[in-house]
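User: Please go through the sheet and the helix packing of this model.

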Amino acid sequence: MPELPEVEAYRRLAEGAVGRPIERAELGDRRFVRGPSSPRHLLAALAGASFTRARRHGKLLVLDMGRAGEGRSLGLRFGMTGRLLLDGRAGVERLVYSSDRDESGWDRFSVRFRDGGHLVVRDPRLLGGVELDPDESRLGPDALEVMPLELRQALEHSVVALKARLMDQHRLAGVGNLIADEVLWRASLAPHRRSGSLTPAEHRRLHRHLRGTLEDLMARGGSHLGDLMPERAVGGRCPRDGAELRRSTVGGRTSWWCPRHQR
């Protein structure tokens, strides 16, 4: 599934679209448009514009625009199954829980450049979306850049389960299900523990492992390449101490954790 490492890969791919004049944009499915803008308005804003910068805020890819779209931006969200392609090249070759088949019927949104190239969002399950001028103020600090104090403020005074709080994009942007399990496993913290119960030392440990996990997964090539991932199944054993992993539902999501060292 696209989490922060995948969207960062999409951002790097999208840098190849910067500065290329747009001939037109197309929608494979009008339902893919999010936010207050109509499909017609969104397509009109793109015609004749060009992207000036590709950036990321959590799991949101933002393409700033110039010329006809001066001062505007395009937001792309990928849900659980969305992939980004530029000129036929995929930003990520494989997604867990999605298909890597090249089905043009899954192309929900595309931009055609005047040079003949194209940028496409391919989303089998239609869980992502495209939005004109997305409201980034609704997102918390980016998980890769969050400072220790910001992370503590996102967690303290809350009785919500720690994993659920980490995945709340309004509090912290970029952490999905796989990364949350990996971070908490590395930090020796139980996913169902109350967010507000962490000690200062645990806050520091969590911040260190959040940053380290994201950097590791980006270097490895995806959120599905964590140390815990191969054991996230019935009968799986903790890679650290050999205890049988426990499966729980936390914040409505399936969670795998070690009852021996995660407290």
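Analyst: This is a predicted model, in which local features need pLDDT of at least 70, side-chain atom pairs count only at pLDDT 80 or more, and totals for chains, interfaces and linings use all residues. Residues are numbered from 1 along each chain as its sequence is written, and side-chain values use heavy atoms, with hydrogens and water left out.

User: Which strands stand at the edges of the open sheet of 5 strands?

Analyst: Strands are DSSP runs of E with at least two residues, and helices are runs of H or I with at least four, numbered from the N terminus. Two strands pair if DSSP finds at least two bridges between them. The order is β1-β7-β8-β5-β6, with antiparallel pairing. Each edge strand has a single partner, so one side is left without a neighbour in the sheet; these strands are β1 (22-27) and β6 (89-90).

User: What is the bridge partner of V111 in β8?

Analyst: Strands β7 (residues 107-113) and β8 (residues 118-122) pair in the antiparallel sense over 5 bridges. Within β8, the partner of V111 is L119.

User: Is α5 parallel, perpendicular or oblique to α6?

Analyst: Helices α5 (residues 177-187) and α6 (residues 200-220) pack at about 130°, with axes 9 Å apart. Axes are lines fitted to C-alpha atoms, for helices over the stretch in contact (heavy atoms within 4.5 Å), and angles run from 0 to 180 degrees between N-to-C directions. Angles under 35 degrees count as roughly parallel, over 145 as roughly antiparallel, 65 to 115 as roughly perpendicular and the rest as oblique. The angle therefore makes α5, relative to α6, oblique.
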